[in-house]
Amino acid sequence: MPDTFPAKIAEIYRYPVKGLTPEQLTRAELKPGQTLLADRRYAIENGPSGFDPAEPKWLAKPHFLMLMRDEWLAGLRTHFDDASHLLTIRRNGEIAAQGNLATPEGRAAIENFFATAFAGQIKGPPKVLESPGHSFSDVARKVVSIINLASVRAIEDIVGAPVHPLRFRGNLYVEGWPAWHEFDLLDQTLAIGDVRLRIVKRIVRCAAVNVDPDTAQRDLAIPQALQRQLGHGDCGIYAEVITGGTIATGDVIAAEAPELL
């Protein structure tokens, strides 16, 4: 049966550098088998990882600076410009570092900032990593992450506190589904205009969601609370782009009925 719950895209975000600031978009071009443009395009190595840009292979997030361990990252505000490849890092409202990530000099400027400003909080020499077409996602496949805002509100009831939706660092935030309805969509296809997304996996949450994105404080224990109340620590779903096109905030989302064989 087709999905009978009217839903729409409430917000769209991308994360050009793993662990750093989300960037809000009003629209996004999706291509089959790809992430949002520049989503997790870069990562900052936290000591030698063995990552080879010439032969990129997926590595688990502990190899990089990331919120699961490094909550102080949430205190930075960053912006990446696609045209100039310029990454700007602000700290306490002031520009702390800038660098063109397409050049050795620009990457060195960013690396030096982390090496000096957070010398006692990183494991080893920071290094900006990139490999064309590679995504430093938490999972090996190239995906779009989807968060149901009703599920976030349900989590607020469970933990007894406000929960900022950006704790979950999703790409698409959806309004209109009942809480936890997204889990019923596993293996189904979502239609957003001409775009088609296949739901492939539930998102298992780690300690990163315990960090408030506004205060950079680790002030909640969300996965543990979910385990106690629901028997799982999941929030959100991963989808693969099957048919590309442009999506925008306000677009209607519908689950297609599976084809009968």
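**Entry 1: Thr78 and its strand**

I looked up Thr78 in this predicted model and found its place in strand β5, residues 76–81. Is Thr78 buried or exposed? Its relative accessibility is 9%, and because the limit for a buried residue is under 20%, Thr78 counts as buried. I then listed its contacts, leaving aside residues up to four places away in sequence. Thr78 touches Leu20, Thr21 and Glu23, and also Leu87, Thr88 and Ile89.

**Entry 2: The sheet around β5**

I followed β5 to its partner, strand β6 (residues 86–91), and noted six bridges in the antiparallel sense. Within this pair, Leu76 stands opposite Arg91 of β6. I recorded an open sheet of three strands, ordered β5-β6-β7, with antiparallel pairing. β5 and β7 (94–100) each have a single partner strand and stand at the edges, so one side of each lacks a neighbour in the sheet. Ignoring direction, I noted that neighbouring strands here are turned by 15° against each other on average. Helix α1 (residues 104–117) packs on this sheet and touches β5, β6 and β7. The direction of α1 makes about 140° with that of β7.

**Entry 3: The nonpolar cores**

Which residues have the most contacts inside the largest nonpolar core? I found Ile146, Phe168, Leu190, Leu197 and Ile247, in a core of 41 residues. Another core, of 25 residues, lies apart from the largest one; Leu65, Trp72, Leu87 and Ile122 are among its members.

**Entry 4: Helix α3**

I turned to helix α3, residues 222–230, where Ile222, Pro223, Ala225 and Leu226 are buried. Viewed down the axis of α3, the buried residues fall within an arc of 160°, so they line one face of the helix. Their cover includes α2 (149–159) and β13 (234–243). Just after α3, I noted that Gly231 takes a positive phi of about 80°.

I looked up strand β11 (residues 189–192) and strand β12 (residues 195–204), which run antiparallel and are joined by four bridges. Ala191 has Arg196 in β12 as its bridge partner. The two strands, β11 and β12, form a hairpin with two residues between them. In the turn, Gly193 has a positive phi of about 60°. I then traced β12 to β13: they run antiparallel and are joined by seven bridges. Arg198 stands opposite Glu240 of β13.

Key
Residues numbered from 1 in each chain as written. Predicted model: local features only at pLDDT ≥ 70, side-chain atom pairs only at ≥ 80, totals over all residues. Heavy atoms only, no water. Buried < 20%, exposed > 50% of the residue type's maximum accessible area, 1.4 Å probe, protein only. Arc of directions from axis to C-beta. Contact = heavy atoms within 4.5 Å. Pairing = 2+ DSSP bridges. Core = buried A, V, L, I, M, F, W, Y, C linked by side-chain atoms within 4.5 Å. Axes fitted to C-alpha atoms, helices over the stretch in contact; angles between N-to-C directions.
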